[in-house]
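Hi,

Here is the structure I promised to pass on.

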Amino acid sequence: MFYCVHPCPCGYYGDSQIACTCAPAVVTKYQKRISGPLLGRIDIHIEVPRVDYEKLSGDRLGESSESIRKRVQAARNIQQSRFTNLQLPMFSAMQTCASGRYGDFVRSR
Ligand SMILES: [Zn+2]
């Protein structure tokens with residue numbers, strides 16, 4: 001699930017360039033309007049600051065997918081090596097689950 005929300009009714013609370021016009025009590029009430037059960041389903045909370053238009057619209061190319069893939073694969077190899085070296089039983093469970101045989105893993109317990 002992906003959920004995105006402004007920090008206050010005017011949308012500028014915490015902004016580095018435009019001042020928020022909301023009263024503190026209004027900001028607090030606004031931020032508490034998300035119910036507890038919904039908040040409980042959100043695992044990661046990230047505040048995203050303003051990004052300049054020039055940065056978004058420039059011709060600068062970002063990192064290529066191939067380059068990112070190599071970094072991710074290197075990290076996965078390191079992690080796999082760590083689990084293998086520790087000989088943790090959970091590693092075999094993770095391999096089983098990753099291969100789509102979670103049911104087999106659960107039944108084997
Ligand atoms: Zn505001």
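**Helix H4**

Helix H4, residues 65-86, is 22 residues long and covers 31 Å from its first C-alpha to its last, close to the expected 32 Å (1.5 Å times one less than the number of residues). Helices here are DSSP runs of H or I with at least four residues, strands are E runs of at least two, and both are numbered from the N terminus. H4 lies largely in the open because 0 of its 22 residues are buried. Buried means 20 or more other C-beta atoms within 10 Å of a residue's own, exposed means 12 or fewer, and partly exposed is in between, with C-beta atoms placed from the backbone.

**What you're looking at**

This is a predicted model, where local features need pLDDT of at least 70 and side-chain atom pairs count only at 80 or more, while totals for chains, interfaces and linings use all residues. Residues are numbered from 1 along each chain as its sequence is written.

pLDDT, the predictor's confidence in each residue from 0 to 100, averages 83 over the protein chain, and 80% of the residues score at least 70.

**The rest of the chain**

The protein chain has 6 helices and 0 strands. Of its 109 residues, 1% are buried.

Gly14 sits in the segment before H1. It counts as exposed because it has 11 C-beta neighbours inside 10 Å. Its C-alpha is 8.4 Å from that of Pro49, 35 residues away along the chain.

Cheers
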